[in-house]
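Take a look at the structure below.

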Amino acid sequence: MGRRLADLFHGRPRLQVGALLAGPVGWLVVGYLGSLAILLAASFWTLGELSGEVERTFTTANFETLFSEGVFRTVTLRTVLIAALVTVTDAMLALPLAFFMAKVARRRWKGLLVVAVLVPLWSSYLVKAYAWRTILSEDGIFNWVLDPIGLSGPGYGNVAVWLVMSYIWLPFMIIPVYAGLERIPDSVLAASDDLGAKPWRTFRSVIWPLVFPAVVAGSIFTFSLTLGDYIAPSLVSSNQFIGTVIYSNITNNLPLAAAYTTVPIAIMIVYLLLARRFGAFEHV
Amino acid sequence: MRLSRRAELLLRAASAVTLAFIYIPLVVIFVYAFNTSRVLEWPPPGLTTSWIGEAIDNSGARDAFFTSLEVAAVATLVALILGALASLAVARFRFFGRETISFLVVLPIALPGIVTGVALNTTFTQFLGVGLGLWTIVIGHATFCIVVVYNNAVARLRRVSGSLEEASADLGATPWMTFRRVTLPSMQTALVAGGLLAFGLSFDEIIVTTFTAGAGEQTLPLWIFTNFSRPNQLPIVNVVAVFVILLSIIPVYMAHKLTREEGGASPGRGGGTAVAAEGTAIP
């Protein structure tokens, strides 16, 4: 059976490609892109005034609500701001560690450090958010450490969301930045050194321009993941974010929830286009 | 690069602080799993191992665990097949739209998880009119797991030159024989690594899951999430959380071992990229 099938494909590359791609492309185009198209369509549907059921009549009312009601603007702005802060924080934390891993640590340590960064990258997202919920709680470690010096932790709120999101997505920044630094030849750094540049000058004029596309690549993850998250924000804050608003509307007003998802989609499309201009896609 | 003593010390200190930042919260959860008190206070008043037994006896957590295993196993199988097929097409053939395939595969993980979740939810409940259940979770998970298998397999196929396959053909092997004796063995460890990562990814996922799970279905992350709000369950939640961390470490570590040679010293290319690409996924 296998042999006869193989004979059929022999010398017919187009048929071979078609057979290979039918499954995966069918799944992703029909299943996934199809779902996204339905999502877009649903954002123009409405709720019946009496029935409360989804009615498939075309209306732009959902988008009018999104633009006219100030609360959506506030929530969008708050989410984007925190996503941007998280991205900057992660870049600042990732650079020294990634540089240490790529250029300073000895070979044996390097391998260990890579594993040390990779393991938490994949370890349970939910558990990490939960860990911070306990740390930031009233009787948590944060207050326990700060209490003797007369201070108290940030508690639950926007600062907590910023901390938790920075924590959870940090490895997604470290890995591409590390890979980007690895690609800078040591001789380039030595040349800068020989020409009399101090470490800070070498960083500013040589390393930063070369590693910038990798930082942008990492920022795609940190920014996008923060933008659409709703579990962690709901665990450490009672404020609304794009994700929490969509989640709370999905059962009682699906068309509005669908319309609101176009906001993070639009933001990410703009972000990805900008990232491509900076050459980030060679580093993802 | 030559660093002054002071600069190197500063760099070491910054790296140590970042690593501590990464690991302290995980350690905290470990400690709480042995906490004698039923509430989360720091420092814990005493340590005990009794919650572990209670967690094992908890039927809700156990059922959720088996549901997660089931979902992850089927989703991984689907992702393995689809990811391997796509990687073979992209790495071994030239065709119109080849560049788009990578983009298409990455998309479910590059868009925020909530978008994927709401899109699938709308399609299932409004368009197809089917009830949400176990298999709707599987479809969601398989969709974003394809990318990890694909990335690993493509990296491997690019590293192993196609000339081996040409040699096999020249020696008279049929395409099927070449695939079974040459291509498949060379992809094997990359596929195992991709499958392990897909399994870990699926086992851990919660955002897409909340939108695609039927009312009666509970994966382990969903079980943990619903039990956060039940104070008397907290000690068991802590134990389950530690269990989930330990379980997620194993596939990542094994996958890393299997693909570390990809791209030589730089894990950014090949294996490492595949691992990092998840980024977009978990949520």
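In this predicted model, helix 2 (residues 50–57) of chain B meets helix 11 (residues 234–259) of chain B, their axes coming within 9 Å. The crossing angle is roughly 85°. That makes the two helices, helix 2 of chain B and helix 11 of chain B, roughly perpendicular. Helix 2 of chain B brings Trp51(B), Ile52(B), Glu54(B) and Ala55(B) to the contact. Helix 11 of chain B answers with Pro235(B), Ile236(B), Asn238(B), Val239(B) and Val240(B). By class, the residues of this contact are 7 nonpolar, 1 polar and 1 charged.

Now for another pair. Helix 6 (residues 134–159) of chain B and helix 8 (residues 175–204) of chain B have axes that come within 8 Å and cross at roughly 155°. An angle over 145 degrees counts as roughly antiparallel, so helix 6 of chain B and helix 8 of chain B are roughly antiparallel to each other. The crossing of helix 6 of chain B with helix 8 of chain B is right-handed. Among the residues that helix 6 of chain B supplies are His141(B), Cys145(B), Val148(B) and Arg156(B). Those from helix 8 of chain B include Met187(B), Leu191(B), Gly194(B), Gly195(B) and Ser202(B). Here the classes are 13 nonpolar, 5 polar and 1 charged.

The two pairs can be set out together.

| Helix pair in chain B | Axes come within | Crossing angle |
|---|---|---|
| helix 2 and helix 11 | 9 Å | roughly 85° |
| helix 6 and helix 8 | 8 Å | roughly 155° |

Next, the whole of chain B. How many helices and strands does chain B have? There are 12 helices and 0 strands. The C-alpha trace of chain B spans about 70 × 65 × 30 Å along its principal axes. Chain B has 283 residues, and 52% of them are buried. Take the contacts in chain B with a separation of 6 or more: 77% of them join residues 24 or more positions apart.

How far can chain B be trusted? Its mean pLDDT is 84, and 91% of its residues reach 70 or more. Among the elements of chain B, helix 3 (residues 59–92) has the highest mean pLDDT, 94. Helix 12 (residues 271–277) of chain B has the lowest, 38. Over residues 263–283 of chain B, the pLDDT is below 50. That stretch still has 79 contacts in the model beyond near neighbours in sequence. Where pLDDT is low, the predicted coordinates should not be read in detail. For the complex, the predictor gives an ipTM of 0.85 and a pTM of 0.85.

The two chains also touch. Chain A gives 86 residues to the contact, and chain B gives 83. On the side of chain A that touches chain B, helix 2 (residues 13–42) of chain A provides the largest share, 17 residues. That side of chain A has 60 nonpolar, 17 polar and 9 charged residues.

Tyr271(A) lies in helix 13 (residues 254–277) of chain A. Why does Tyr271(A) count as partly exposed? The reason is its 19 C-beta neighbours inside 10 Å, whereas a buried residue needs 20 or more. Leaving out residues up to four places away in sequence, Tyr271(A) touches Ile220(A) and Phe223(A). Tyr271(A) and Arg108(A) are 163 residues apart in sequence. In space, C-alpha to C-alpha, Tyr271(A) and Arg108(A) are 37 Å apart.

Note on methods
Residues numbered from 1 in each chain as written. Chains lettered and ligands numbered in written order. Predicted model: local features only at pLDDT ≥ 70, side-chain atom pairs only at ≥ 80, totals over all residues. Helix = DSSP H or I, 4+ residues; strand = E, 2+ residues; numbered from the N terminus. Buried ≥ 20, exposed ≤ 12 C-beta atoms within 10 Å, placed from the backbone. Contact = placed C-beta atoms within 7 Å. Axes fitted to C-alpha atoms, helices over the stretch in contact; angles between N-to-C directions. Parallel < 35°, antiparallel > 145°, perpendicular 65-115°, else oblique. Left-handed = near helix turned anticlockwise from the far one by under 90°. Nonpolar A, V, L, I, M, F, W, Y, C, P; charged D, E, K, R; others polar. pLDDT = per-residue confidence, 0-100.
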